[in-house]
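Subject: Structure for your files

Hello,

The structure is pasted below, followed by notes on what was found in it. Please read the notes with the model open.

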Amino acid sequence: MKQMKFMAPVLVGLLVVGCGDDSDGESGTEEQAVSITFAAKVGTEDVSCGTAYTGLGTTGSGLEFEDFRFYVQDVALIDADGNEVPVTLTNDGKWQNDSVALLDFEDKSGSCSNGTTDLNNKVVGTVPAGDYTGLVFSLGVPPELNHAEAAVAESPLNLTSMFWSWQNGYKFIRIDAKGVDGAPGWRLHLGSTACASIEEAADGESACGNLNVPRLTFDAFDASTQSVVFDLAALVAGADLENQEAGCMSDPTDADCATIFPAIGLEHSGNAATMSAFRVE
Amino acid sequence: MNSLHRPSAFALSIVFVSLLFGGCGDEAEREELPQGASVIQTPDSWPQLLIPEDNPATAEKIELGRHLFYDTKLSGNETQSCASCHLQELSFTDGRGVAEGSTGDITDRGAMNLANIGYASVLNWGNPLTKTLEEQALGPMFGEDPVELGLTGMEDELLRRLSEDPQYPLMFEEAFPDDSDPINLGNITKALATFQRSLISSNSPVDRFFAGDDDAITEQELTGLTIFFGERAECFHCHGGFNFSDSTAHEGQAFDQTAFHNNGLYNVGGTGAYPERNNGVFEVSQVEADRGRFKAPTLRNIAVTAPYMHDGSLATLEDVLDHYERGGTLTEDGPNAGDGALHPNKSQFVNGIDDFTAEDRAALLAFLNALTDEEFLTNPAHSDPFER
């Protein structure tokens with residue numbers, strides 16, 4: 001929160017060199033750096049491994065995190081005229097490639113033992129110099145990368161915890177939590193489903209019927225002072241956490257997704273998208 | 001009875017050989033194959049294996065893959081290897097209806113027969129998306145629902161285990177001589193895939209019969225063969241070709257052969273449902289017509305791969321014949337009650353077998369038993385390298 005989010009254009013010129021941008025000769029355009037901060041919270045509390053959070057869902061249940069990671073893509077800032085100006089992601093060989101950024105709120109401590117020690121709460125890139133007033137991005141992984149060979153994919157798409165092998169794709173969001181005080185535990189694995197009929201798969205296509213890639217727009221967003229908050233309490237607010245099959249695994253018939261999908265901006269089981277789990281503050 | 005069939009044996013062998021082996025690549029095609037394909041020996045009459053351009057087969061890679069396949073380092077808690085559920089003497093199945101993972105999770109489906117798996121166009125029972133052995137390896141290693149090998153999030157630990165082993169660094173170097181840092185996940189899947197491509201089963205009595213040895217199978221087995229390939233039993237529509245599976249891929253094919261079938265095993269409550277989590281391709285595609293559609297696996301070594309079907313619900317080959325004679329399984333009671341024969345998605349070739357006499361049944365069973373390749377089940381090249 002303390003860092004300066006918009007650096008001077010001159011610095012950015014250095015940063016942009018070698019970041020793999022193959023746009024054709026826009027050397028005249030001045031670029032500015034942008035860093036978009038994310039936070040994962042339960043209500044007003046920051047998420048941390050090994051902490052039991054209580055009073056969740058319709059049953060006031062308790063959860064303790066085992067994992068909390070998600071991908072974002074297709075990030076753009078919105079200018080004063082309402083135009084979406086794409087952010088060119090800085091490929092750092094770790095958290096971001098040219099298309100996708102991984103946000104990571106687990107540090108492998110305590111109950112998060114299957115995770116990674118490093119944390120990441122930022123999406124970093126460049127935009128043409130200008131004044132921006134809003135933010136728009138999508139969750140998930142672009143379709144063309146979602147079905148590429150995971151074993152040899154570029155970071156951050158080579159993390160086995162995010163593989164979703166049964167649909168040959170990735171988990172776009174992975175939140176695993178064990179139950180506290182006898183609750184059964186809850187998970188969200190967001191990913192594309194209804195991927196390819198046999199015929200399409202045979203043709204080498206794997207366009208998924210349900211991409212499950214929510215696009216989230218925040219008309220008022222100042223990257224230098226604000227962050228995007230993913231609030232688990234809001235995410236599970238409509239869920240009965242005492243009666244979960246396994247949590248929401250993205251299947252269109254999965255009853256555990258019925259209130260979760262709407263909270264991240266997707267329809268499910270006839271429930272319209274309301275998008276309550278993400279906010280700006 | 002016997003004398004009726006004897007004269008036709010030669011003619012039959014010609015007919016079936018052309019059925020089975022028609023469309024093999026010619027010599028010219030073969031010369032264009034990726035270098036190294038020849039380290040995997042297949043009969044001259046078979047089409048060539050498809051080998052990905054970026055993963056040519058070498059003896060070193062097969063040997064590395066064999067070690068990895070049998071090594072418990074490939075499970076999170078080091079209790080299981082691929083071979084824990086894929087036992088050579090059972091044609092790389094495990095004798096169980098459904099498999100048990102390294103942490104005790106029970107899988108939904110049985111361990112796949114790996115005989116000639118390099119010729120399979122799809123690898124899983126109900127997933128049309130997994131088409132290469134390299135991709136498939138990720139499923140058991142990193143799948144979590146259920147946990148099989150339980151390596152999720154442990155890729156660094158796995159690479160450390162292999163790097164610190166006295167043998168593996170050299171084996172990886174020899175298998176991947178162009179890589180400066182060859183111990184990585186991509187190369188693990190490549191080596192495992194290459195070893196599996198080397199699992200060629202081609203020496204059953206039926207193979208020897210097709211190769212021209214009229215005495216390789218008995219009269220009864222030959223009778224069974226004619227039933228198997230006949231329009232009354234219709235077995236061959238889904239289990240045809242040199243690999244006895246219609247999901248077969250090889251060099252020289254102009255078309256993708258990916259097939260999944262609903263064989264009328266279930267019809268829960270008469271609604272077309274299958275038991276939960278076991279709806280076949282539907283689980284992936286969410287297309288109603290795909291409900292209950294599963295791959296028709298190879299029938300090679302079928303006598304040793306009991307129990308049968310994707311979920312092991314049919315205990316014996318006799319049960320399997322009952323199923324096909326009836327044209328679907330009737331589950332009389334319990335949570336899965338319903339008549340599979342009436343499933344709306346059922347294959348048109350599963351219509352019941354008319355006038356299926358006790359002799360017919362015995363002959364068909366004898367034929368299926370003649371698909372067992374003892375050499376494959378005991379071949380030292382496929383065996384556990386850590387056994388001493």
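Buried here means under 20% relative accessible area, with exposed over 50% and partly exposed in between (1.4 Å probe, protein chains only). Helices (H or I, at least four residues) and strands (E, at least two) are DSSP runs, numbered from the N terminus. Helix α4 (residues 59-69) of chain B is largely enclosed by the rest of the structure, because eight of its eleven residues are buried. Those buried residues are Lys61(B), Ile62(B), Leu64(B), Gly65(B), Arg66(B), His67(B), Leu68(B) and Phe69(B).

Two conventions first. This is a predicted model, in which local features need pLDDT of at least 70 and side-chain atom pairs count only at pLDDT 80 or more, while totals for chains, interfaces and linings use all residues. Residues are numbered from 1 along each chain as its sequence is written, chains are lettered from A and ligands numbered from 1 in the order in which they are written, and side-chain values use heavy atoms, with hydrogens and water left out.

Phe176(B) sits in the loop between α8 (168-175) and α9 (185-197) of chain B. Its relative accessibility is 6%, so Phe176(B) counts as buried. Beyond its neighbours within four places in sequence, Phe176(B) is in contact (heavy atoms within 4.5 Å) with Lys61(B), Leu64(B), Pro182(B), Asn187(B), Lys190(B) and Ala191(B).

Asp290(B) counts as buried because its relative accessibility is 4%. Its side chain is joined to that of Arg293(B) by a polar contact of 2.9 Å. A polar contact is a pair of N or O atoms within 3.5 Å; within protein, one must be able to donate a hydrogen and the other to accept it, and residues adjacent in sequence count only if both atoms are side-chain atoms.

**Chain A**

Chain A has five helices and 18 strands. Of its 281 residues, 52% are buried. The average pLDDT (the predictor's confidence in each residue, from 0 to 100) of chain A is 87, and 86% of the residues score at least 70. Over residues 1-26 of chain A the pLDDT is below 50, and this stretch has 29 contacts in the model beyond near neighbours in sequence. Where pLDDT is low, the predicted coordinates should not be read in detail.

Lys41(A) belongs to strand β1 (residues 31-42) of chain A. With 14% relative accessibility, Lys41(A) counts as buried. A polar contact of 2.7 Å links its side chain to that of Glu281(A).

**Between the chains**

In the interface, 28 residues of chain A are in contact with 30 residues of chain B. The buried area (accessible area, 1.4 Å probe, that two parts lose on being put together, summed over both) is about 2,300 Å², with carbon and sulfur atoms giving 54%. The rule finds two salt bridges across the interface (a side-chain nitrogen of Lys or Arg within 4 Å of a carboxyl oxygen of Asp or Glu). Glu144(B) and Lys171(A) meet in a salt bridge through their side chains (2.7 Å, N to O). On the side of chain A that touches chain B, β14 (193-195) and α3 (198-202) are the elements that give two or more residues.

Regards
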